[in-house]
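Below is a short report on one protein model. Please look over the sequence and the structure before reading on.

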Amino acid sequence: MKNTNPTALQRLMRLSLIAQITIGLVLGVALALIAPGATPSVAILGDLFISSLKAVAPVLVFILVMAAISSHEHGQPTHIRPILMLYVVGTLAAAAVAVIASFSFPTTLVLSAPPAAGSPPSGIVVVLKNLLLSIFTSPVKALLEGNFIGILAWAVAMGMALRHASAATRTMLNDLADAVTGIVQTVIRLAPLGIFGLVAGTLGESGFGALLGYAHLLLVLVGCMLFVALVINPMIVFWKIRSNPYPLVFTCLRESGVTAFFTRSSAANIPINLALCKRMGLHEDTYSITIPLGATINMAGAAITISAMALATTHTLGIHVDVPTALLLCVVSSFAAAGVSGVAGGSLLLIPMATSLFGISNDVAMQVVAIGFVISVIQDSTETALNSSTDVLLTAAGCAAETGEPLQLASTSQSHG
């Protein structure tokens, strides 16, 4: 008689992806506590996972956007413009939260860290110039460097040109998009192993001892990000959909924010977000553009980091900041955040540009950047989780508001199993 009792591995594979990731997280922490010497051996699992996501994301975005636009029928609605407005509103609101929190809970830094390596931009004009230059680049270079602004520009241009191609050509593009999507789904299934390696490797290498000296700064940064995720973002979503926003908020945090927290890369989380949008039944012509674009310009977490770290520096140096200058900092931080690369620690090198508003020297500012890298285990992880989950959240809210159709939230967490 055939044994119908499932094995432990079979029961594990039947769990949802989030449950499997949670198990990987717990095992990673346990390994770092019990056998920290073994963590370098498993850290390669995390490195491979992030490398796989980063490798497939540019190709996925290029082909998916090109196929979606080439197949788009004239008169069929898309909802990109209102979602971009939500991105702007959300980022400005996040910067304002950071400014208010920095005034309410002033932080003092110990500026004795060695200056961090890297060349920060000298001003907002340089950031905007680099953003424009990213658009006008060769497609090969954009794909190789993971330049999603350039990738989107070429994908949109190619998609528009291929709208007049034969039906067979457009069908081939759709088949190619399905094939790449299948590869992405396979990579995403490996997320529990990747998270296990990332957690074990990070804790084994850094631990949390170095973070204790910056506990107040971390509390301000993480507190602002949690406030935006759980208060500001729900308010924006409620304004758009006029119903309880929290089921959508928690779905995005659980299924996008968790993986983004550990990958620490908005670019690497693009495939996760595209798959989540598809499961929620969103408009493909919309999310195939707004998700990769959001990974580049929708940076609420980065705006918080830039604003809070800049004001912590002014407080440390005893520089008075008036209200008009604080408002200017909000705007500068929001626009600068749009120029942050979708990789770990991308926002930190923009701190010197923000501190230059207050006449702070570059040498001092780079010491603040060095402090940022010390706390980045928590700061950058939380920042990326907020950035990436907000991309899906505002895309879903924009689509739901424009179409009036209910979002498919109940089945998303089970669809992985």
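Does Leu48 count as buried, partly exposed or exposed? Leu48 counts as partly exposed, because its relative accessibility is 49% and the exposed class starts only over 50%.

## Overall picture

The model is predicted. The protein contains 18 helices and zero strands. It has 417 residues, and 52% of them count as buried.

## A nonpolar surface patch

Leu48 sits in helix H3. It belongs to a nonpolar patch on the surface, together with Ile44, Leu45, Leu190 and Leu193. The accessible area of these residues together is about 450 Å².

## A buried phenylalanine

Phe148 lies in helix H7, which covers residues 148–162. Phe148 has 7% relative accessibility, so it counts as buried; the cut-off is under 20%.

What does Phe148 touch, leaving out residues up to four places away in sequence? Its contacts are Ala57, Pro58, Val61, Ala267, Ile270, Pro292 and Thr296. Thr296 shows the sequence gap: Phe148 and Thr296 are 148 residues apart in sequence. In space, their C-alpha atoms are 7.1 Å apart.

Conventions: Residues are numbered from 1 along each chain as its sequence is written. This is a predicted model: local features need pLDDT of at least 70, side-chain atom pairs count only at pLDDT 80 or more; totals for chains, interfaces and linings use all residues. Side-chain values use heavy atoms; hydrogens and water are left out. Helices (H or I, at least four residues) and strands (E, at least two) are DSSP runs, numbered from the N terminus. Buried means under 20% relative accessible area, exposed over 50%, partly exposed in between (1.4 Å probe, protein chains only). Contact means heavy atoms within 4.5 Å. Patches are made of residues with over 30% relative accessible area and no salt bridge: like charges are joined within 9 Å, nonpolar side chains (Val, Leu, Ile, Met, Phe, Trp, Tyr) within 5 Å. Accessible areas come from the Shrake-Rupley method with a 1.4 Å probe; for residues, only the protein chains shown count as cover. A salt bridge is a side-chain nitrogen of Lys or Arg within 4 Å of a carboxyl oxygen of Asp or Glu.
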